[in-house]
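Here is a quick walk through the model you are about to see. Have the viewer open and follow along.

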Amino acid sequence: ARVDILMSRFWSSLVHTLTPYVAGEQPALRDLVKLNTNENPYGPSPRALAAIAAETTEVLRLYPDPAVRSLREAIAKSHGLDANNVFVGNGSDEVLAHVFQALLKHDKPLLFPDITYSFFPTFCRLYGIDFREIPLDDVMAIRISDYRQECGAIILPNPNAPTGTALPLSEIEKLIADHPDQVVVIDEAYVDFGAQSAIPLVAHYPNLLVTQTFSKSRGLAGLRVGFAVGQPQLIEALNRVKDSFNSYPLDRLAIAGAVAAWEDKEWFEDKRDRVIATRERLSLALRDLQFQVVPSSANFLFARHATLVGAEIAGELRSRAILIRHFPKPRIHDYLRISIGTDEECEKLLSGLADVITSLK
Ligand code: PMP
């Protein structure tokens, strides 16, 4: 009780309005089939690991490059852009935090889908941003025409999360062209697994900002590296917020590892293709177990069993050391989000599911 009194006395009014963000579990247990946080089952390129190891010398005595030029140049070059088109941060979550502060607070509401990355409403509350959530259509997809309304800015993930559905680039371009006076942010955390990136549109649209991450397709969630690509005026706004917050966005190990991972195209393509192939097999196998599976362009599937309750399936799997994600939210409370693991992990999931379905029936 004393702690409660102190909290209510010392906390700012902002803190009282925030509900803790519940990230996917990261339990310490071994021998888990961990399909709950969309990590890459194959891990990072060995070249990234070697680059990180090579950086663990006395150079750690020195501050990193505050401008992170090597990584920004590597990313820019592969898109035919310039380093001043690229902003980097400690995971795309931190990049997005800066984006919300620097670019998304206006006197009209920010628009995003009503089922989307759960950090979006959290950032809005944190930074006092007015927002309006736009419902998905009846097949759980984003409908661009619903965004044709007065707003301060727009943000959406492509593919969306946790649904995994993707919009074609032509639809994204329509959205950007429909709102020439608003910033449109496309969060491409999962884009490499089957959607088209909007980065090629950056040169044509000064209102477009695209964010990506090294956490999923590059297997480096633990290193915490994300980035944004846009025209220099947008990047400059992000730099101003960042410089007031922390002048060293990435540490030396993160910079070395990310540059090497970015350059190892062969590893990236091979592991990406494997994840996609496993996703397609898992999707068919889930259908055989009477799941309705939302078409996915990401490294996860979003699926609902024809008769059984989502929370119960997730709970039963958990007691069998298999972790998947369940969201206790209206409309999607019977859906399960399953990250694509190795083939072996997916086999374990399927036999666990068959067992759970028999026990729940
Ligand atoms: N955007 C979306 C849609 C995500 O699902 C995630 C991962 N939780 C992120 C951004 C952030 O990923 P990270 O901070 O690891 O780059």
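In which loop does Pro159 lie? Pro159 lies in the loop between S5 and helix H7 (169-178). Before going further, note that this is a predicted model, where local features need pLDDT of at least 70, side-chain atom pairs count only at pLDDT 80 or more, and totals for chains, interfaces and linings use all residues. Residues are numbered from 1 along each chain as its sequence is written. Helices (H or I, at least four residues) and strands (E, at least two) are DSSP runs, numbered from the N terminus.

A cis peptide bond joins Asn158 and Pro159, and another cis bond runs from Ala161 to Pro162. Pro162 also has its place between S5 and H7. Elsewhere, Val68 and Met140 are non-glycine residues with positive phi. Here are the angles and places:

| Site | Angle | Loop |
|---|---|---|
| Asn158 to Pro159 | omega about -5 degrees | Pro159: between S5 and H7 |
| Ala161 to Pro162 | omega near 5 degrees | Pro162: between S5 and H7 |
| Met140 | phi about 70 degrees | between S4 and S5 |

For burial, count the other C-beta atoms (placed from the backbone) within 10 Å of a residue's own: 20 or more is buried, 12 or fewer is exposed, and in between is partly exposed. Val68 has 24 such neighbours, so it counts as buried. Met140, with 19, is partly exposed.

**Around the ligand**

Which residues surround the ligand? Taking residues whose C-beta atom, placed from the backbone, lies within 6 Å of it, you get Gly91, Ser92, Asp93, Tyr117, Pro157, Ala161, Asp187, Ala189, Thr213, Ser215, Ala221 and Gly226. The shell splits into 5 nonpolar, 5 polar and 2 charged residues (Ala, Val, Leu, Ile, Met, Phe, Trp, Tyr, Cys and Pro are nonpolar; Asp, Glu, Lys and Arg are charged; the others, Gly among them, are polar).

Helix H5 (residues 91-103) gives the largest share of the shell, 3 residues. Why call H5 largely enclosed by the rest of the structure? Because 11 of its 13 residues are buried, including Gly91, Ser92 and Phe100.

Now for Lys216. The UniProt record, an unreviewed entry, marks Lys216 as "modified residue: N6-(pyridoxal phosphate)lysine"; such annotations use the numbering here, have shortened feature names, and may be inferred rather than shown by experiment. Lys216 is in the loop between strand S7 (208-213) and strand S8 (226-230). It has 25 C-beta neighbours inside 10 Å, so it counts as buried.

**Strands**

Strands pair here if DSSP finds at least two bridges between them. S8 pairs antiparallel with S2 over 4 bridges, and Val229 in S8 is the bridge partner of Val86. In S2 (residues 86-89), Val86 and Val88 point one way while Phe87 and Gly89 point the other, and all are buried.

S3 (residues 110-113) runs parallel to S4 (residues 131-134), with 4 bridges joining them. Leu111 stands opposite Arg132 in S4. S3 also pairs in the parallel sense with S5 (residues 153-157), over 2 bridges, where Leu111 faces Ile154.

Finally, 4 strands make an open antiparallel sheet in the order S9-S10-S13-S12. S9 (291-294) and S12 (325-326) are its edges, each pairing on one side only.
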